[in-house]
Each structure stands twice: as structure tokens, then as C-alpha cells.
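Look through the sequence and the model before reading on.

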Amino acid sequence: MNPETERILQLRKELHQYNYQYYMLNAPTISDQEFDHLMHELQQLESRHPEMADPNSPTQRVGSDLNQNFTQVEHRYPMLSLANTYSEADVAEWYHSVEKGLEGEPFEVCCELKYDGLSISLTYEDGQLVRAVTRGDGVRGDDVTANVKTIRTLPLVLAPGQGWPSTFEIRGEILMPWSVFEQLNAEREAAEEPLFANPRNAASGTLKSQNSAVVARRRLDAYLYYLLGEQVPNDGHYENLMEAGRWGFQVMIRQVTSRKGSTPSILKVKTLDEIYRFIQYWDNERKNLPVATDGIVLKVNSQRQQRALGFTAKSPRWAIAYKYQAERAKTRLLSVSYQVGRTGAVTPVANMEPVQLAGTVVKRATLNNEDFIRSFDLHIGDEVFVEKGGEIIPKIVGVDASNRDFFAEPVGFITHCPECGTPLVRVEGEAAHYCPNDTGCPPQLKGRIEHFISRKAMNIDSLGPETVDAYFLRGLIHDVADLYDIRVEQINGTGSRERSARKIVNSIAQSKEVPFERVVFALGIRFVGETVAKTLARRFKSMEALQQATLDELLQIDGVGEVIAGSVIRFFHDEANQRLVRRLREAGLQMALSEQQLSEQSDLLAGKSIVISGVFQHHSRDEYKSLIELHGGKNVGSISGKTSFILAGDNMGPAKLQKAEKLGVDIVSEEEFRMMIGEQ
């Protein structure tokens, strides 16, 4: 295999991972420009090596943000992504390609702001919103209608007599305003919860919430930018948007007036110079907007001409996105400090001379890990380039070593934990360093307590991170078992404080009734999440049996691999953890499945992999997932030849139905399933 074909395989692997981090985890690790650069490199290499053609290459698909907790709906019109460019020269190339494609026919271009949010498709019938679907993979997306209806700037019912078609689709972007985003992150920081990286991630995470009340509290906004249907009023895209604005849709952002004058956020032009002026104007003025934007979208205005120009496999030829460069500043690296997280992961942080960047003063930037530091050959005192580009935590993207002092000290990663002094370890195959002292390192101890009291674990809602920190510093608690020894008088409560102290003690006592599987999760065993904890609890049925489980027994469990099994073995072989579990047992926590749980458990679905799809009458989707696990089955998110059957409710996605028929997978109705598990 030659170097270019090896590079193709490497790029495909990297881009698939970046797509997953961006769309599924909402945690991008590289900038849009870096991603587009890698994608362009892959496209060029694939064009030179047709023998390497692969229908699953990142160049052949649109990134997916599908969430299996929602019903999937197929788009009537595919939602394709736009080709990106970062230079006026590329804009000119696109403009001239349109001229050529239209064979010299005059055309107009609609210039619009490119909002940095979550794409949405809204369907209206007889003037009422009937469906809201995310972009998903471009062919089908998640039905998030209930959540979208909480957005106050979106009309649920259109005023009569406005001339809207009986059926139409309008597309746009769901956004979280800067003011809401900053307030939300301030609240999360106070609760010591992870911060959202940017408004787009916050909006995406909010819209995918299973609780519409949470969505309503987050005060999302929406701007619409494309009208589709058989009876749209005009051939002109710009004219259709203005018409939609009269129907009650928010299609234009408020105007911003500066010394340069005022330019609307949507403008119809004819020449390249007019396009350039629009781009240049909004490069600065977008920083004054209430929502995040990251570029400009250019569209051929006439829909007739759009149809004539057509599409490539991935994007329309009649539109392009111009992306603004991420804002960058130069400052000096003063020092590097290190933070220890709940799992013991050690994160280096750059401390810099304060510098103004993207509207805020920046003093700190993440350095990720040792490999990141080495890649830049960082020295204390270096002049470094910092980018924010919408990210809350800035990052160093380059170093100017031309002015480096000859005696400058290189940045070397620490060898011992900055909190407890324990030698750090680096697990093979991982980039991070860890402090292994999980029973004596203060940040880890406090982190384990905060995990223990969290809602999905022991749900001790009267306690919070600040209270945990205060009790830890006072010596009231050192580990989670100490919680059950706290007395009202120890909290120093009098008057209203006594009532608060009594509430805390009562809430801790009530947690003793939390089911066994959540106790397993609350222990904070590394790599054992909520689902694995439930699996372990139902397989071994008691803490004693789980403690005595062998490696072979653990590896026989579906979904438990060597990493998880090894972590469970190490946890229960540690003497400090053994003492901890013993004290929790003595405190009265549930250390085994209840009699009712044991009586309800069965092997009726043992060995079966089941996909859930649709809307149900008797139970929610989550309840059916629990029932499948209770009867020995396995929940899976996608259909394959190994799928045993699909539990199908109303409105099952057509794509899933088609795939099931193709693979010969059985469809089981809600009533049939209830009979299968003995509910009827």
C-alpha cells in the first residue's frame, strides 16, 4: 500500500471520529476550518485513487445527529449540507461556476447570515405546525415537535387570510441566545457541572432533552431561511422569505447600525462586489448580534435556476457557505497548572497574560494533554496564538518561537498528582494521565461524593457540590459512607438552619430506599455507567455476589468487555473499597435486588436483541427498555441481521420498516410484546 492510500484510510478514520464527536456527542475537538481542510484533502486523494472508492467514506455522506430516543422521520426533501469556503477567491469561483451553469443567463444572489445552531425542518398543514424534524443524516431526522413547540418565536398557528399554502415546509436554525447561554453556563459552573462549549452545543443538547419543560426554561430561539412546497408563492427565494416574515416567521435578525451604515441580515444582490461588501460588513457587525453566527450563506435567488443548477452528491450547486475565520489573538504563556477531575484524569491549563478575544478577556486556555503540549514544543514565556471562535474554553493553536528567550524553560508534564503527590500513570492507548489514588486524592474523593448524591444515583437532592465541599473541608465527610453518620447537631443548625439541617439528614436517610442497581452505579466504579450498573445488578442480584465475581463471569455478560470487567475486579479487590461497601451495608443501603424485582425478573427474552421504534400506549419507550432488560433481553439502537425483532408502536419510521423487510426482521406490536412477557 502506497503512502497516499494509507493516508486515505487514516483520514477516513479521523473524519468519522470527528463527525461522531460533533453530531452525536456535541463535543467538537477541531475547528470547522480544520475539518474542511481534512475533508478537502481526502476528496483530492480519492479522486486520484478511484480504486479506493468506498460508499461509506466521509466524502459520500452528511454527518448525522440522530438520537435513538426520538422517532425518526424521513424528510420529504433531503436536507443537504453546504460546501464551505473561507476566501473571497473561492466565492468568486463559485459565482463564475453559477454563470457557466446558467449559460450566461442573468441571476440574483440572496446573501444571508449563517447561524450557528441546530438545523430544523418545520411542516405546516392548514396553517398549523404539525411536525418539527432535525436534519439528522440529511435523509431522515428526529421528530422533536413537542420540544420545538416551546419556542415562543415560532408560530404554532398562522393567522388566516395571509396567503400561506395549505401545506408547506420551512427550514431554519434553532439557537440559544448569548444572554441565555451565559446565564445557563453560570448556573452550571455554580453547580460544578460541565460547561457547554458554545451556544450551538447548548441548543442541540436542549432540543434533544426528553423533558419539554427543560426546553421551555432554556428559552431557545429560531430563525427561518428556506421555504419549500408545491405551492410556494414566488419563484424568488428572497421574496418567499419576505412573505414568510409576513406570515409570522422570524426570518430576519434585528438590524445593526454602525458608522458604515445599516445592512439587513438578508440582502438580494447581483454582483460579486455587492457580495464582498455584505461579507465584509458582517465580519465585524455580527459580534453585536444576540445569537451566534459563523459565516454567510449565498444562494441563487430563483428556484427555477436552482433546479437547473442541481446538486452534487452532498450539496447544492446553487448555494455556498462563506465561513469567517475564528478570532485569534497573541499573548504570552506565563505558567502551566494542572487540574484533577473526579476520575483522576489530569488536565493541563495554560495561564497567560490577559488578552481581549471574541468580546471577553482571556487568561486561561486548555492544553488537553501531554501530547498536545509536545506538539507545540511549548516553553514558559512563549508568545502563543489563542483562538476562541465561540468556544467557552479557549485553546492554543500556535506558537511564535521567533522571540523565544534562549534560557526559556520547556513545559514538561508533571509526574506526580498536584493534589496528593501520588505518581501519575498513563494507560496504554489513552492520551490522558491519571492519579491512581482514587481513595485518597481530595478532588477524586469529592467528585465521588458528588456522583454518589446525584439524581441518577442516590438522588440526595438536599445536598449540592458547594455543601459537599464545605463538609469535606470541615472534616464531616471523607467518603460517601460518612454521609450516613452525619447528625443534625454536627451541621450546627439553629432556627431556620436547623430545619435545613434536618432536611439534609432526612434526605440522606431516605436514600437508603434507592434500588440496588442505582447503588451499584453510585459507587462510581470507573467505566461502569448507569446501563452497565443495571446489567451487573440484574446478573449477580446482590452486592456480595458482585464482589466475588470472577473475570470470566464478568466477561460472559453481554456489553461487558475486558476494560469494564478489569475495572470492576480492581475496585472490589481494593481494601478501602471493601471497607466502604461494608459501611454502606451497615448503614442500611439496598445491597440486593428486592423480592419484587426478583419475582418480576425472567429469561423470557434471553439472547434476544430488540429494537424499539414508534410511539406506545401502555408504557413509555424507556419503560419498555427496562422491561426488555428485566426479562433478559438486550436493547439495540439500529437494525441488523442479528436483530431478533422490532417492538413497533405507532408512527414507526419508514426507513426502519424498509430495512426490517429487507433483512427479514420480525415486527412485533405492543400488544404482542405484552403477551410475550406475560403482561396480558
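Helix α6 is largely enclosed by the rest of the structure, because eight of its nine residues are buried. Buried means under 20% relative accessible area, exposed over 50%, and partly exposed in between (1.4 Å probe, protein chains only). Among the buried residues of α6 are Pro199, Asn201 and Leu207. Helices (H or I, at least four residues) and strands (E, at least two) are DSSP runs, numbered from the N terminus.

This is a predicted model: local features need pLDDT of at least 70, side-chain atom pairs count only at pLDDT 80 or more, and totals for chains, interfaces and linings use all residues. Residues are numbered from 1 along each chain as its sequence is written, and side-chain values use heavy atoms, without hydrogens and water.

Four strands make an open, antiparallel sheet, ordered β5-β4-β7-β8. Two strands pair if DSSP finds at least two bridges between them. Eight bridges join β4 to β7. Leu118 has Ile174 as its bridge partner in β7.

Contact means heavy atoms within 4.5 Å. Axes are lines fitted to C-alpha atoms, for helices over the stretch in contact, and angles run from 0 to 180 degrees between N-to-C directions.

| Helix | Strands touched | Angle |
|---|---|---|
| α6 (residues 199-207) | β4, β5 and β7 | about 45° with β4 |
| α8 (residues 237-247) | β7 and β8 | about 130° with β8 |

Elsewhere, the axes of α16 (residues 530-540) and α22 (residues 621-630) come within 11 Å and cross at roughly 35°. Thr531, Lys534 and Arg538 in α16 meet Ser626, Glu629 and Leu630 in α22.
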